[in-house]
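Morning, everyone. Please have a look at this one with me.

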Amino acid sequence: MKKNVQKQVFACAAWIALMISPLCFAYDGPIEMTHEEIKAHLQIDVHGKPFATYVYHDAEITRPYFCDVYTPDGIQITRNHPPVEGVDRTDHATYHPGLWLTFGDISGSDYWRNRARTEPVEFVENPQVKADQASFAVRNRYLSEDGSEIVCEETCRYTLHVLPEGYLLIWDSRFFSDFDDFYFGDQEEMGLGVRVATPISVVKGGEIVNDLGKRNEEQVWGQQAAWCDYRGAIDGKNVGVTLLTSPDNFRASWFHARDYGLLVANPFGLNAFTKGEKSKIAVDAGKELRLVFGVFVHGHAGDPDGNVPQIYAKFLELIKQ
């Protein structure tokens, strides 16, 4: 065992498979994890087909993420992880693993670029399935770049809804510290991000569309929107992934949108996107900052829009429950 390697144990069952429901979870544990040696993950399947893999410990990527996200038709909607030479653009391989929430600046520490670690602590709600809905919740701690301090903690609840139109993942994160104040800085690289499958990137013929009708990087980048959809065709089928934002977040999100395949919902980048005064979102000890987003994964032949406006209305109903 290498010196100074930290260990964590997730208290979780070795295998959960609830066959009475079309949704099932499979995840590894109880396990002893070391940063260098073990990748730990939770596999989520729907109707016997993969939806996504939630990776909560990775030796290279120092934060949790979802990779290998699929549409109901079984088409992978996120870029290959790791990207495949000759098939994908291979840039930002460890920054853009699939689907993630992270930040380039929390109290001066950079989690986006893997300079500081987001450490998994426990499942605070073990994976469970009820009819066409599944959920689990985790607690993470954000360490300073030298690993000596806990900057803040996060509890995050993921709820997956299987809808006739596609999959809707609700992402509900609360950031807090019982001991010290902390803050979120002002960068492009902050918030909920997705790196889409190479064939639907704009440079390969795909399209970015927001709720205001603006299109592609030239019009969408740096604009606030309620939702933004990255869509295109793979194997003759129209597919897409939409980032949805809650109106109850502390501020509307700007979208960091790139034609090469990146989309990020970012409520922090006041200066980064508008050249206005640089913002610092402070969270006092004992208080919390809550962020709620939705991720809609759709893919149905003949339906290029994926019913996104209707799904956004459904999202607003669900987050009020």
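How many bridges join strand 16 to strand 20? Seven is the count to find on screen: 7 bridges, with the two strands running antiparallel. One spot to look at is Gly240, which stands opposite His298 in strand 20.

Some ground rules. This is a predicted model, where local features need pLDDT of at least 70 and side-chain atom pairs count only at pLDDT 80 or more, while totals for chains, interfaces and linings use all residues. Residues are numbered from 1 along each chain as its sequence is written, and side-chain values use heavy atoms, leaving out hydrogens and water.

Now the terms. Strands (E, at least two residues) and helices (H or I, at least four) are DSSP runs, numbered from the N terminus. Two strands pair if DSSP finds at least two bridges between them.

Zoom out. The open sheet has 8 strands, in the order 8-9-10-11-20-16-15-14, with antiparallel pairing. Strand 8 (118-130) and strand 14 (207-210) are at the edges. Each has a single partner strand, so one side of each lacks a neighbour in the sheet.

Back to strand 16. Strands 15 and 16 form a hairpin with 2 residues between them. In that turn, Asp235 has a positive phi of about 55°.

Last, the other side of strand 20. Strand 11 (residues 166-176) pairs with strand 20 (residues 288-299) over 11 bridges, again antiparallel. There, Arg174 stands opposite Arg290.
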